[in-house]
Amino acid sequence: ALDAAGRFGGGSTTELFEQARRFFLLPLAERRAVGLSSSTNLRGFVGVGQETTNGVVDLKESFEFARELSPPAGDPSPWHRLYGSNLWPDTDVMPGFRSVLRRFVDEIGAIGDSVVRSLVSSLGQPLGPGAPSGFFDRESCVFSRLIRYGDPGDHRDDATRLDAHTDHGLVTLTLEDSPGLEVQRRDGGWEIAEGVPLVFAG
């Protein structure tokens, strides 16, 4: 998984960030060619202002991707509509992009699974196939996104890039290449999560 030097799966976080920068530097038409609006399972590019959080417009753009899983046969559970394939830029436009992101999903998924296994074990719950939760009967569904907030000079000083929120899902792991993420303290105040390459939020 991710080690102290920032390597994952034989690659590195540097490689991941480089691919992210290359993607967001593509012409807007190239990014829109893999737009989330063309996806049936919420994958692809989201432009600035296309999403809101708590009624506040998000001043960011993102590329949404996930572990590519097929829905279990005969299981009509509604959340399986989120399973399926990612939308990828053409390999001649973004060589290496697909392989780096797929490796990242596998590695970050392994970290998340390890965290969840530790939590389940600490509660004295069974971990094997057939356990009541069924969590480990199949591969976990891992969603991820590359996010670009852009130059702060593009917006007003008091503009919120992404309003306060709680992520959906069981475990959130974040990597950032520059300070910006803020976390809420128990006293209700906020502070920048600076100098922490991997941030865990339960």
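Is Phe97 buried or exposed, and what is its relative accessible area? Phe97 is buried, at a relative accessible area of 1%; buried here means under 20% relative accessible area, exposed over 50%, and partly exposed in between (1.4 Å probe, protein chains only).

A quick note before the views. This is a predicted model, where local features need pLDDT of at least 70 and side-chain atom pairs count only at pLDDT 80 or more, while totals for chains, interfaces and linings use all residues. Residues are numbered from 1 along each chain as its sequence is written, and side-chain values use heavy atoms, with hydrogens and water left out.

**View 1. The whole chain, to get your bearings.** You'll find three helices and 11 strands here; these are DSSP runs numbered from the N terminus, with helices (H or I) of at least four residues and strands (E) of at least two. Follow the sequence and the pattern reads β-β-α-α-β-β-β-β-α-β-β-β-β-β. The chain has 202 residues, and buried ones make up 32% of them. Take the contacts (heavy atoms within 4.5 Å) with a separation of 6 or more: 59% of those are between residues 24 or more positions apart.

**View 2. The largest nonpolar core.** A nonpolar core is a set of buried Ala, Val, Leu, Ile, Met, Phe, Trp, Tyr and Cys residues joined through side-chain atoms within 4.5 Å. The largest one here has 20 residues, and Leu16, Phe23, Phe63, Phe65, Phe97, Leu101 and Leu146 touch the most other members. Helix H1 (13-24), strand E6 (61-66) and helix H3 (97-122) each give two or more residues to this core. H3 gives the most, with seven residues. In soluble globular proteins, nonpolar side chains tend to be buried together.

**View 3. Rings around Phe97.** Set aside the neighbours within four places in sequence, and Phe97 is in contact with Gln19, Phe23, Phe63, Trp88, Pro89 and Leu146.

**View 4. Two aromatic pairs that share Trp88.** The structure holds nine aromatic pairs. Rings of Phe, Tyr and Trp (its six-membered ring) pair if their centres lie within 6.5 Å; planes under 30 degrees apart count as stacked, over 60 as edge-to-face and the rest as tilted. Phe63 and Trp88 make a tilted pair, 6.2 Å centre to centre with 40° between the planes. Phe63 sits in strand E6 and Trp88 in the loop between E6 and H3, so this pair ties together parts that are 25 residues apart in sequence. Phe63 is buried, with a relative accessible area of 0%, and Trp88 is buried too, with 11%. Now look at Trp88 with Phe97: their ring centres are 6.1 Å apart and their planes stand at 80°, so that pair is edge-to-face.

View 5. Six bridges join E6 to E7, and Glu61 stands opposite Arg148 in E7.

**View 6. Helix H3 from end to end.** H3 has 26 residues and reaches 38 Å from its first C-alpha to its last, close to the 38 Å expected at 1.5 Å a residue; that expected span is 1.5 Å times one less than the number of residues. Its buried residues include Phe97, Leu101, Phe104, Gly109 and Gly112. After H3 comes Gly124, whose phi is positive, near 75°.

**View 7. Pro71 and its contacts.** Pro71 is in the loop between E6 and H3, and at 44% relative accessibility it counts as partly exposed. Leaving aside neighbours within four places in sequence, Pro71 is in contact with His80 and Tyr83.

Methods: Two strands pair if DSSP finds at least two bridges between them.
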